[in-house]
Amino acid sequence: MVTSTAAAHKTPQQQTRVLIVGNYCHDVLMQKDTVKAESLGGAASFISNVVNGMSVSCNLVSKVGEDFKYPVDFTPIVIPTSKTTVFHAYFDLAIHGNCHQDRVLKRVSACDPIRPSDLPDARSKFGMAVGVGGEILPETLERMIETCDAVFVDIQALIRVFDCVDGTVKLVKLGETEFYSLLPRIEVLKASSEEAVFMDVEEVRKWCCVVVTNGKEGCKVYWKDGELGIPPFLANQKDPTGAGDSFLGGFVAGLVQGLAVPDAALLGNLFGSLTVEQIGLPKFDSRLLQRVKDEVQRRKMQFLHCERSEYELEFLKPDGHEQFHASLGAAKSTPPFSIQARPWTPSNSPKETEQTPIPHYTAQAKLLANSVYEEPIQTVEGKP
Ligand SMILES: Nc1ncnc2c1ncn2[C@@H]1O[C@H](COP(=O)(O)OP(=O)(O)OP(=O)(O)O)[C@@H](O)[C@H]1O
Ligand SMILES: O[C@H]1[C@H](O)[C@@H](O)[C@H](O)[C@@H](O)[C@H]1O
């Protein structure tokens, strides 16, 4: 439930819909010490890609160094004395099986933290605290809680620590962080199944909604007095990077548009599944996005007669949920929507792609392989 009383004094028109807070980064995907792909990264970039794609207005606060090399929709704060955050993701060091970990991440450089004074004064409806490299400070999250009606947090912003020698990302228990006391004041905490073991879900669900994503199994939503599994969508996984971020983007885009939590989580699952099918930051086919928006619109129309406060999350599974899943699945699987990412080449210029615009073309991964899970099949240079 959105509890902020200040929210009641603002009309939705006066507010930014979604405020995304987290640093952009450079992602380098590695296998056997070889660079397989480079891409714009950071939860903020994956989330804004989805939220923009769903035509939901948003604002973004991010910091980078002067070395930041991707054009982006939301101008970041450039810190001349700092470098852009860089992550190397090692896929061959990953541990599969029970202790699921799809990749080992190393933070190679870290940009400055985002401070309360970097945040806009204006209120936002939904705030998203989505740091990747330790840039969200407790006081920053607290300020977001004060200025947003509802705050959504990715646990990776709270529990990551970084090896002081090689930057390897490690996780600490949520209860041992300075963020713990703020949990009763946030709306939703999202964690992957790997991260969820670093919190006591039974305890945290008393204070806020907990969403645990679980790769190709979909996700599970826990709230104070209930829980619900949300089914996945089929995907041909090439790179898991950003699946959780895109999930959160789709989830929030659904909630902003008035969907109930289970339906919004389906939208999250859909965008997670679309993301793993491409290497790096995905580009979504505009026709697919239009079909998804149409399905969301149709779903909203089904509930026009229901009285629901704009500031209240609805957890119970609404009638027609399975049908909504099927409709989104049909939208996803209708050709030619399930397209593969195009390899990045310097010739992917705006002029050359004018007839078939490709959003975010310049931010696409510079691909050196078809999947981060396999031996290199084809290099860009080797392509006919
Ligand atoms: N292989 C897959 N097939 C179908 N859907 C997937 C697959 N992998 C991920 N998803 C979707 O994306 C969501 C998020 O994935 P996941 O649980 O792997 O997040 P994550 O580990 O936080 O990802 P990352 O850290 O790479 O951003 C899942 O809940 C699911 O809906
Ligand atoms: O771009 C990625 C992505 O945002 C992942 O969710 C995050 O875990 C990584 O640190 C980041 O490099």
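The legends below describe close-up views of a predicted model.

**View 1. Strand β7 and its buried residues.** Strand β7 covers residues 85-90. Six of its six residues are buried, so the strand is largely enclosed by the rest of the structure. Both of its faces are covered. On one side lie T85, F87 and A89, and on the other V86, H88 and Y90, all of them buried.

**View 2. The strands that pair with β7.** Strand β7 pairs with β2 in the parallel sense, over six bridges. Within this pairing, D27 has F87 of β7 as its bridge partner. Strand β7 also pairs with β8, which spans residues 104-109. That pairing is antiparallel and runs over five bridges. Here V86 stands opposite S109 of β8.

**View 3. The surroundings of ligand 2.** Ligand 2 is surrounded by 14 residues. The closest are D27, G42, Q156, R160 and D245. By class, the shell around ligand 2 is made up of six nonpolar, four polar and four charged residues.

**View 4. Polar contacts of ligand 2.** Side chains of Q156, R160 and D245 each place a polar atom beside an oxygen atom of ligand 2. For Q156, the distance from a polar side-chain atom to a ligand oxygen is 3.0 Å. For R160, an N or O atom of the side chain lies 2.6 Å from an oxygen atom of ligand 2. For D245, a polar side-chain atom is 2.7 Å from an oxygen atom of the ligand. On its own, ligand 2 has 300 Å² of accessible area, and the protein covers 96% of it. The elements that give two or more residues to the shell of ligand 2 are β2 and α1.

**View 5. Polar contacts of ligand 1.** An N or O atom in the side chain of R103 is 3.1 Å from an oxygen atom of ligand 1. P240 makes its contact through the backbone: one of its backbone N or O atoms lies 2.7 Å from a ligand oxygen. A polar backbone atom of A243 is 3.2 Å from an oxygen atom of ligand 1. Taken alone, ligand 1 exposes 620 Å², and the protein buries 92% of that area.

**View 6. Two loop residues with positive phi.** K32 lies in the loop between β2 (25-31) and β3 (34-41). Its phi is near 50°, a positive value in a residue other than glycine. K32 counts as exposed because its relative accessibility is 54%, and the cut-off for exposed is over 50%. S55 is found in the loop between α1 (43-53) and β4 (58-61). The phi of S55 is near 60°, again positive in a residue other than glycine. At 51% relative accessibility, S55 counts as exposed too.

How values were computed
Residues numbered from 1 in each chain as written. Chains lettered and ligands numbered in written order. Predicted model: local features only at pLDDT ≥ 70, side-chain atom pairs only at ≥ 80, totals over all residues. Heavy atoms only, no water. Helix = DSSP H or I, 4+ residues; strand = E, 2+ residues; numbered from the N terminus. Buried < 20%, exposed > 50% of the residue type's maximum accessible area, 1.4 Å probe, protein only. Pairing = 2+ DSSP bridges. Near = heavy atom within 4 Å. Polar contact = N/O pair within 3.5 Å; in protein donor to acceptor, adjacent residues only side chain to side chain. Areas by Shrake-Rupley, 256 points an atom, 1.4 Å probe, with all protein chains shown as cover. Nonpolar A, V, L, I, M, F, W, Y, C, P; charged D, E, K, R; others polar.
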